[in-house]
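Please study the sequence and the three-dimensional structure shown below before reading on. The explanation is intended to be followed with both in view.

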Amino acid sequence: MASSEIIIPKLGESVIEATITRWLKSEGEMVNEEESIVEIATDKVDSEIPSPFSGKLIKKLVREGEIVAVGKPFAVIETSGEITAKEITPSPVQILSQVEKKTHIVAEPAEEHSGNRFYSPLVRSIAQQEHISVQELDLISGSGKNDRLTKQDLMNYLKTRSADIPFKKSSPAIQPMPATTFSIGSEDQIIDMDRIRQLISGHMLKSVQTSAHVTSFLEADMSQVVRWREKNKDIFQNREKEKLTYTPIFIEAIAKAVRDFPLVNVSVDGTKILVHHNINVGMAVALPNFNLIVPVIRDAHKKSLLGIIKNVNDLAERARTNKLVPDEISGGTISLTNLGSFGTLMGTPIINQPQTAIIAVGSIKKKPVVIENEEGDSIAIRPVMMISVTYDHRVIDGALGGQFLNRIVQYLEKFDSNQPI
């Protein structure tokens with residue numbers, strides 16, 4: 001008999017560790033090759049890890065709720081034959097965002113994390129030695145991915161921390177929200193938030209506490225875009241077996257406008273502004289259980305319209321079938337949410353941190369509009385859409401936000417309805 005360890009596989013460039021949320025197999029139980037053995041969670045998505053071979057689970061190396069670094073073992077499997085190095089390499093993680101089943105949420109000690117911000121064992125160890133509470137850790141800016149607090153961030157903080165001024169838990173910055181008082185009727189239902197909804201909740205709350213949100217609106221005459229889509233949607237469906245939606249056209253217009261106004265494609269780090277070279281457009285996708293996920297169209301400025309269409313359709317389909325990998329929902333520099341797909345006329349979306357701008361498009365409705373020409377003004381029926389941009393007023397003022405929004409509208413209204421697909 002041979003035994004081998006199973007490791008946490010690479011989950012994406014931005015993911016360095018995962019939390020074991022639920023064991024799917026017990027010690028002594030037989031496991032088939034490619035059968036899921038454990039559920040894990042990162043700060044991006046929930047996942048399942050399949051066994052790379054068949055055998056008996058003889059030892060769990062970690063408990064539910066514990067954090068394991070990528071590349072580290074979490075289980076030992078006993079097999080009937082010799083296992084080669086190639087065979088023990090786990091297959092790609094089968095991403096299964098918990099959208100159709102109840103996610104097991106592990107109650108973790110307060111010292112490990114606060115809200116949705118996790119701290120590495122090293123950072124927690126240093127904090128404990130320096131008598132730094134979790135509440136104080138929450139106030140320290142992190143330079144790591146997704147605002148993660150690194151060892152160096154903590155060491156830099158300790159250099160300026162005043163030892164003779166005790167940290168006050170009653171600081172206004174961290175005052176707990178007052179408990180909501182309400183009555184529960186006999187027919188009322190209480191539903192626990194699943195993990196994805198908890199992540200969304202924390203992310204949205206953090207965003208409004210971080211950025212100074214301002215929203216600007218404009219109307220766009222969508223005649224050219226509608227004409228082109230109506231002419232090509234059946235052709236595209238028959239040729240590619242895919243739908244031709246408006247979303248790729250919006251993304252193309254946004255990417256072009258960002259090239260004209262690069263200072264909307266930024267992030268904020270204290271008093272420094274990071275201007276992103278690449279234009280990575282996050283695309284909000286509604287999931288079957290009404291949760292939300294934002295896959296990213298990378299380098300949208302380098303793609304043709306057909307390339308964007310194929311990319312959008314692929315990501316949207318895999319988002320709804322829980323097959324995205326963590327790297328595909330990270331690295332966005334600006335976002336789009338299509339409220340019109342649900343019949344909404346307009347909206348004021350919340351910025352997807354650490355970005356500083358998000359565009360919302362409403363439904364396309366026919367309405368009377370004034371047409372200006374040399375012979376005089378006239379009224380015509382045109383397909384019109386409301387479009388808005390919410391921006392971070394710390395770094396984007398009304399002039400820049402307005403010009404950027406106006407440029408998106410110009411690209412949509414001047415869309416070439418004769419271009420081939």
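The paragraphs that follow consider strands, then aromatic rings and a helix, and finally several loops.

The model is a predicted one: local features need pLDDT of at least 70, side-chain atom pairs count only at pLDDT 80 or more, and totals for chains, interfaces and linings use all residues. Residues are numbered from 1 along each chain as its sequence is written, and side-chain values use heavy atoms, with hydrogens and water left out.

Let us begin with the strands. Helices (H or I, at least four residues) and strands (E, at least two) are DSSP runs, numbered from the N terminus. Two strands are said to pair if DSSP finds at least two bridges between them. Strands of a sheet pair through backbone hydrogen bonds, either parallel or antiparallel.

In what order do the 4 strands of the open sheet stand? The order is β1-β8-β6-β3, and the pairing is antiparallel. At the edges stand β1 and β3 (30-31); each has a single partner strand, so one side of each is left without a neighbour in the sheet. Within this sheet, strand β6 (residues 55-60) pairs with β8 in the antiparallel sense over 4 bridges. S4 itself belongs to strand β1 (residues 2-7). Is S4 buried or exposed? Its relative accessibility is 12%, so S4 counts as buried (buried means under 20% relative accessible area, exposed over 50%, and partly exposed in between, with a 1.4 Å probe and protein chains only).

Strand β2 has pairings of its own. With strand β7 (residues 67-69), β2 pairs in the antiparallel sense over 3 bridges, and A18 stands opposite V68 in β7. With strand β4 (residues 36-41), β2 is joined by 4 bridges, and these two strands run antiparallel; here I20 stands opposite I40 in β4. Strand β2 is mostly covered, with 6 of its 7 residues buried.

We turn next to the aromatic rings. Rings of Phe, Tyr and Trp (its six-membered ring) pair if their centres lie within 6.5 Å; planes under 30 degrees apart count as stacked, over 60 as edge-to-face and the rest as tilted. The structure holds 3 aromatic pairs. One of them is formed by W23 and F74, which are tilted, with 5.9 Å from centre to centre and 40° between the planes. This pair links distant parts of the chain: W23 lies in strand β2 (residues 17-23) and F74 in strand β8 (residues 73-79), 51 residues apart. Both W23 and F74 are buried.

Why does the pair of Y246 and F250 count as stacked? The ring centres of Y246 and F250 are 6.3 Å apart and their planes meet at 25°, so the pair is stacked. Y246 counts as buried at 18% relative accessibility, and F250 is buried with a relative accessible area of 4%. The ring of Y246 has a further neighbour: the charged end of R229 sits over it, 4.7 Å from its centre (that is, NZ of Lys or CZ of Arg is within 6 Å of the ring centre and within 35 degrees of the ring normal).

F250 is one of the buried residues of α6, among them also P248, I251 and V258. Helix α6 (residues 247-260) has 14 residues and reaches 20 Å from its first C-alpha to its last, close to the 20 Å expected at 1.5 Å a residue; the expected span is 1.5 Å times one less than the number of residues. Of the 14 residues of α6, 11 are buried, and the helix is thus mostly covered.

The loops remain. K241 lies in the loop between α5 (223-240) and α6. Its phi is positive, about 60°, although K241 is not a glycine, and K241 is exposed, with a relative accessible area of 63%. D299, in the loop between β18 (296-297) and α7 (305-320), also has a positive phi, near 50°; D299 is partly exposed, at 23% relative accessible area. Finally, P354 is found in the loop between β19 (334-338) and β20 (357-371), and the peptide bond from Q353 to P354 is cis, with omega near 5°.
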